[in-house]
Amino acid sequence: MGNTRVYLKKGKERKVKNLYPWVYRDEVQGVEEGGVIADVFSKGGKFLGRGLYSRGARIVWRFLSRKAEPIDKFFFRRRIFEAYDRRKGISSTAFRVVFSESDFLGGLVVDRYNDGLVIQIRSRGMEEVKNTIMDVLVELFSPTFVYERSDMESRRDEGLIPFKGPLLGVVSGPLRITENGVEFYVDVVNGLKTGFYLDQRRSREYVASLISEGMRMLDLFSYTGGFSVYAALKGAKSLAVDTKSDALDLALENARLNGVEIETLRYDAFKFLEDTDETYDVIVADPPAISKRKGEREKILGALWKLTYNALPRLNTPGHLYICTCSYQASLEDMLKYVRFAATDRGIPLHIHNVLLQPPDHPFFPHFPESLYLKCVHAVKVSL
Ligand SMILES: C[S@@+](CC[C@H](N)C(=O)[O-])C[C@H]1O[C@@H](n2cnc3c(N)ncnc32)[C@H](O)[C@@H]1O
């Protein structure tokens with residue numbers, strides 16, 4: 001079967017030329033259907049790129065190459081190896097090997113946990129080449145297991161059913177990883193995302209650098225206690241708050257694994273800030289995406305305002321607030337504005353000491369603004 005040919009409407013070629021990796025259905029003038037490999041052309045018939053075709057989906061085409069080169073096992077092997085090679089020097093036994101569009105493999109995520117792999121397939125086109133991807137992963141990494149965590153609802157937009165299950169080998173019980181010398185149990189089968197928030201590795205290290213012996217730290221939306229354990233190792237008294245009890249159980253196990261103690265509390269983090277009378281030297285607030293729906297930016301920003309507004313009175317002076325959003329809809333500029341609004345509404349002066357984005361194994365590809373999703377702001381409560 002020949003390649004599918006996708007012809008864009010007039011003026012729509014500029015995005016593809018500028019390396020934006022998606023073509024939406026409503027940007028297409030016409031399609032000559034062939035196989036899953038698809039070439040995109042301008043209205044005038046100029047070849048613009050080669051990629052994967054997702055028949056019937058809203059995003060019909062995802063970029064693979066600027067050249068009309070064969071898209072075969074050797075191509076995927078080269079792309080995946082190059083992505084892996086860019087991750088050299090990461091101080092963890094667990095990291096993201098392939099981050100979808102940012103690694104020019106739209107629709108594919110590969111996370112490495114020790115000698116095993118967890119993959120996510122997000123598009124119909126990538127699903128169709130899954131066997132080739134598996135062959136390449138086995139050849140390149142000889143993994144002890146490959147587990148698929150494609151259990152996200154967004155697969156339905158591509159006409160795919162959410163799926164999770166083993167593709168190779170067996171995963172029995174939580175794995176044990178080492179990140180910056182700190183050990184964690186990770187449940188790749190039942191945990192959130194692919195089991196661990198690999199994208200907060202740099203934040204955990206950064207927040208630990210703010211801690212000194214005897215400080216009190218509040219870890220809101222703690223999941224399996226990443227920030228809490230790092231802080232406890234620096235001598236802090238950490239309290240991890242989350243609504244997920246199995247994550248909190250693992251947080252306690254993680255503390256024990258590192259020879260420290262932390263406290264955990266199953267509680268709504270928003271409500272906790274309203275209900276507690278305690279104060280802390282460091283507060284981390286790393287909420288979930290709040291909303292993934294387009295047009296709900298205000299809701300996300302409202303939540304960030306509320307967290308900041310209610311965290312500020314719970315901070316000692318000086319005290320550190322480390323607040324994050326993992327929603328691409330809320331820009332860094334938005335975040336800084338809403339942190340300022342909350343501080344103004346409280347009448348509490350802040351210094352902004354730092355801003356951290358997602359780490360280099362989750363690269364932000366500026367030609368694809370949607371790939372910048374994680375932003376964290378380190379604000380310090382100061383006296384005036
Ligand atoms: C982005 S993750 C946090 C990751 C964590 N900081 C880490 O480094 O592993 C968000 C967490 O918020 C929890 N969560 C969601 N809504 C919550 C709420 N209203 N109150 C407390 N926790 C909540 C989820 O269970 C999840 O563990």
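User: Where does Glu-148 sit, buried or exposed?
Analyst: Buried. This is a predicted model, and in it Glu-148 has 0% relative accessibility. The cut-off for buried is under 20%, so Glu-148 qualifies.

User: Which residue does Glu-148 pair with in a salt bridge?
Analyst: Arg-155. Their closest N and O atoms are 4.0 Å apart.

User: And Arg-155, buried or exposed?
Analyst: Also buried. Arg-155 has a relative accessible area of 3%, so it falls under the 20% cut-off.

User: What about Arg-201, which partner does that one have?
Analyst: Asp-361. The N to O distance in that salt bridge is 2.7 Å.

User: Which parts of the chain does that pair tie together?
Analyst: Arg-201 lies in helix 5 (residues 201-208). Asp-361 is in the loop between strand 19 (350-357) and strand 20 (375-381).

User: Switching to helix 8. Which residues pair up there?
Analyst: Asp-275 and Lys-271, both in helix 8 (residues 269-275). They form a salt bridge, with the closest N and O atoms 2.8 Å apart.

User: How accessible is each?
Analyst: Asp-275 is at 37% relative accessibility, and Lys-271 is at 43%. Buried needs under 20% and exposed needs over 50%, so both count as partly exposed.

User: How many salt bridges does the structure hold?
Analyst: The structure holds 33.

User: Which residues are linked in a network?
Analyst: Glu-69, Arg-78, Arg-79 and Glu-82. Among them, Glu-69, Arg-78 and Arg-79 also line the second largest pocket.

User: OK, on to that pocket. What is its volume?
Analyst: The second largest pocket has a volume of about 180 Å³.

User: What else lines it?
Analyst: The lining also includes Leu-19, Phe-63, Ser-65, Arg-66, Lys-67, Phe-104 and Phe-365. By type, the lining divides into 4 nonpolar, 1 polar and 5 charged residues.

User: Which elements supply at least two lining residues each?
Analyst: Strand 6 (59-65) and helix 2 (73-85).

User: Why does this pocket lie between domain 1 and domain 2?
Analyst: Because both give residues to its lining. Domain 1 covers 4-65 and domain 2 covers 73-168.

Notes:
Residues numbered from 1 in each chain as written. Predicted model: local features only at pLDDT ≥ 70, side-chain atom pairs only at ≥ 80, totals over all residues. Heavy atoms only, no water. Salt bridge = Lys/Arg side-chain N within 4 Å of Asp/Glu carboxyl O. Buried < 20%, exposed > 50% of the residue type's maximum accessible area, 1.4 Å probe, protein only. Helix = DSSP H or I, 4+ residues; strand = E, 2+ residues; numbered from the N terminus. 1 Å grid on protein atoms, 1.4 Å probe; cavity = no way out; pocket = protein on both sides within 12 Å on 5 of 7 lines; lining within 4 Å. Points joined across faces, edges and corners; volume = space filled by probe spheres on them. Nonpolar A, V, L, I, M, F, W, Y, C, P; charged D, E, K, R; others polar. Domains from an automatic or database assignment.
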